[in-house]
Amino acid sequence: MVRRTFDDIVLFARTGLNPRHNFKLGRGENKYITIKNIHNNALAIDENTDVVDDDALTLIHKRSQIKKGDVLFCSIGHLGDMYIITDDPKDWDINESVFAFTLNTEIIRQKYFYYLFKNHTTIEYLTKNSSGSTFKSIKMNQLKQMMFDVPSLAEQDLVAAVLDGVSKIISLRQQQLTELENLIKARFAEMFGDSSWKMVTADTIMHNMRNGLSPSNRGTHSAKVLTLSAITQGIFNANSWKNGLFDIEPPKEKRITSQDFYMCRGNGNKDLVGIGVYSSKDYCDLVFPDTVIAASVDQQQICLPYLYHAWKSPFIRKQIECGARTTNGTYKINQGIISNIEIALPPLPLQTQFAAFVEATDKSRVAIQRDLCRQLLYSINYFKSASNKLTYDGGAFYDS
C-alpha cells in the first residue's frame, strides 16, 4: 500500500465547455453530455440530451481532449459519479460541470479509481468540501488536496472484480424491486382504472388534519424528529430521524401512528410537495415535523394501501401541483388545499382485496431489500478490508 496524491494518480485533469459566449445548444446532431447523462459507470443518451453542431464539438474538444480510457467525473449534483470512456468519442463531448481525468495507469486502474469514489469516506470528503445551496459542487482544487493509499495493480484488479460481481447482484435486486412496484401499479390500474367510481373530497375520508411540531433551540424536551426525506422518498422510513428539542413534551397527536396519512407540506422540488405515505406500525417515540401534514383516515370508508397508491396517481398529483403555492422558491400546500382534493372511492371490499395483494407483494419486496442490504454491506466491508480500511482525517486518507 503506497500513499499517493491526487496529482500522482491523475496525469491530466480538465473540463468541458460552457455554451455561453462559445456556441449555441440545439443545433446539429452531436450530443452535449452533462451530469444528467452520467450514472453508475454508464452514459445515458436519449431524446432529451442536448445537441451541438460540428463547429461547437471541435471547440469543446480543444478544451476537454477526452479519449478512450479517460474517466468522466460529475462535479455537481450527484458528486463523484463517473463514467469510464470505452471508445474514442466521435459524436459527443462534455460540458463544464463534467471533469475529465486521464489516469496514471501504471499506478491505478480506472475501475479501482471508480470504486474509490463509491467509498463512504470519499463521499464524506466530497460532501464536506462541496459548496452551493440547491446543488452541491466540488472544485478541482479541492480534489487535488486528496491523498489515497493505493494497493498494487494486482490487488486493485481483485477488488474491482469482486465489486463488479456485487454490483451486478445489486443491480438485479434493484430491478426486481422496480418490477414489483410496476406489478402493484398494474394491479391498481386493473382494479381501479374505471372512472365511474364515486368521487369524494379528501375531507370526507380524512379528519383531524394537523401540522407537525417545530423544534426549538431553547426547548428542554428532547424527542426523535422524523426527517422530511422519510416522507418524500415515497416510502415511510422510520430510520430517518434526528434529535430535536421542544418547548413542551410532544403530544400523542404529533407522533407517528398506523392510523394516519402523512404528507409533505413544502419542498423546493414541485414533484415532492404533497407526497404522501403511511406507516404500518405505531412509533410512539417519533415526532413528525412542521413540514409534514398528518391526517387521520376513516378506515370505514378507505384503507391506507389504496389511499397511498391513489395519492400517487397523475389525477391527484395534478391537483396538488395546481394548488401548490411558491414562497421564496419553496412549493407549499396547506390543509385547505388537501381538503378539497378529489379522490375516487371504490367499495371498501375491493380496496381491501387490493391491500391484500400489496401485502403479499411487500413480503417479496422485504426479502429482496434484505438481500440488497447484505450485498451493500458486503461491498462496503470488502472495500474497507481490501483498501486497508481507508479513513479520512480532514486532509487525507490514511490507514487506520
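What joins strand E3 to E9 here? Three bridges do, with E3 covering residues 30-33 and the two strands running parallel.

A quick word on where this comes from. This is a predicted model, where local features need pLDDT of at least 70, side-chain atom pairs count only at pLDDT 80 or more, and totals for chains, interfaces and linings use all residues. Residues are numbered from 1 along each chain as its sequence is written, and side-chain values use heavy atoms, leaving out hydrogens and water.

As for terms, helices (H or I, at least four residues) and strands (E, at least two) are DSSP runs numbered from the N terminus, and two strands pair if DSSP finds at least two bridges between them.

Back to our pair, then. The open sheet has three strands, ordered E6-E3-E9, with mixed pairing. E6 (50-52) and E9 (92-94) are its edge strands, each pairing on one side only. Neighbouring strands here are turned by 40° on average, direction ignored; axes are lines fitted to C-alpha atoms, for helices over the stretch in contact, with angles from 0 to 180 degrees between N-to-C directions. Helix H2 (residues 54-64) packs on this sheet and touches E3, E6 and E9, contact being heavy atoms within 4.5 Å.

Now the other sheet, also open: four strands in the order E13-E21-E17-E19, paired antiparallel. Its edges are E13 (206-211) and E19 (276-278), and the twist averages 25° from one strand to the next. Four bridges join E13 to E21, residues 292-297, and His207 has Ser296 in E21 as its bridge partner. Thanks, everyone!
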